[in-house]
Structures are given as structure tokens and as C-alpha cells.
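Please walk through the fold below strand by strand, then turn to the pocket.

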Amino acid sequence: AKDIVSIEGVGMAWHGRKAVDAKNAEWDRENEMVGASAEGPFVGATGFAVKFHVDVRNRDTGQVSPMHEIGVYTIKNGKIAVEEFMYGA
């Protein structure tokens, strides 16, 4: 959706498609996915969730790290209105 909200972890949020696209472009500049898998989707009344397992290479250091997150997507009018990414403690 044009007015999408993207929430990362606790307290970080981007509002609007341009801000979300800029956030994603910055992540891509800093990181490279070298492996990935997903579980789901897990469908509910207001949207769906996907569990992601990603191996990420930092472009500056070359270090590869595993990343695990749950993406929770809220649907309104057939579009993703909110995406929230949750990480393990």
C-alpha cells in the first residue's frame, strides 16, 4: 500500500512506500543474502506471517551471519498495510 508502515524490531518504524523503499535499499547496500528459506505462510483473519531464515553477508566486513525473523503482514483492501519484523531475544 502507498501508506504502508514497516516496523523493525522494537521502536523502529518507516511510514509510506518511499520511506520503506529507502530502508530496503539501505539494507541492500550494506548486506547480501547468501542463503535463505522460509516457512509459511501462516494465514489469519487480518493477514499472514512468514518465518524467515537468512544467511547475510555484510558487504564491508565479508562476515556471514544467520538471521531469523518472523514477518507479520496486515492486509487492508487487498494490500499489505503493515509489515512487522520480529526477532528472537
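Which residue in the turn of the β4 and β5 hairpin has a positive phi? That residue is G62, with a phi of about 80°, and the hairpin has 5 residues between its strands. The model is predicted, so to speak of local features a pLDDT of at least 70 is needed, side-chain atom pairs count only at pLDDT 80 or more, and totals for chains, interfaces and linings use all residues. Residues are numbered from 1 along each chain as its sequence is written, and side-chain values use heavy atoms, with hydrogens and water left out.

The strands form an open sheet of 6 in the order β2-β1-β6-β5-β4-β3, with mixed pairing. Strands here are DSSP runs of E with at least two residues, helices are runs of H or I with at least four, and both are numbered from the N terminus. Two strands pair if DSSP finds at least two bridges between them. Because β2 (12-15) and β3 (31-43) each have a single partner strand, they stand at the edges and one side of each is left without a neighbour in the sheet. On average, neighbouring strands of this sheet are turned by 20° against each other, direction ignored.

A hairpin through 3 residues connects them, and N31 stands opposite N58 in β4. Next, β4 and β5 are also antiparallel, with 11 bridges; G47 has T74 in β5 as its bridge partner. Strand β5 (residues 64-76) then pairs with β6 (residues 79-87) in the antiparallel sense over 8 bridges, and I75 stands opposite I80 in β6.

Helix α1 (residues 17-30) lies across β1 (5-8), β2, β3, β4 (47-58), β5 and β6, and runs at about 135° to β3. Contact means heavy atoms within 4.5 Å. Axes are lines fitted to C-alpha atoms, for helices over the stretch in contact, and angles run from 0 to 180 degrees between N-to-C directions.

The largest pocket holds about 580 Å³ of space. A pocket is an open set of points on a 1 Å grid over the protein atoms alone, where a 1.4 Å probe fits, with protein on both sides within 12 Å along at least five of seven lines; lining residues have an atom within 4 Å of a point. Its volume is the space filled by probe spheres set on the points, which are joined across faces, edges and corners. Of the 20 lining residues, E8, K23, N24, W27 and E69 lie nearest the centre of the largest pocket. Helix α1 gives the most to this lining, with 7 residues.
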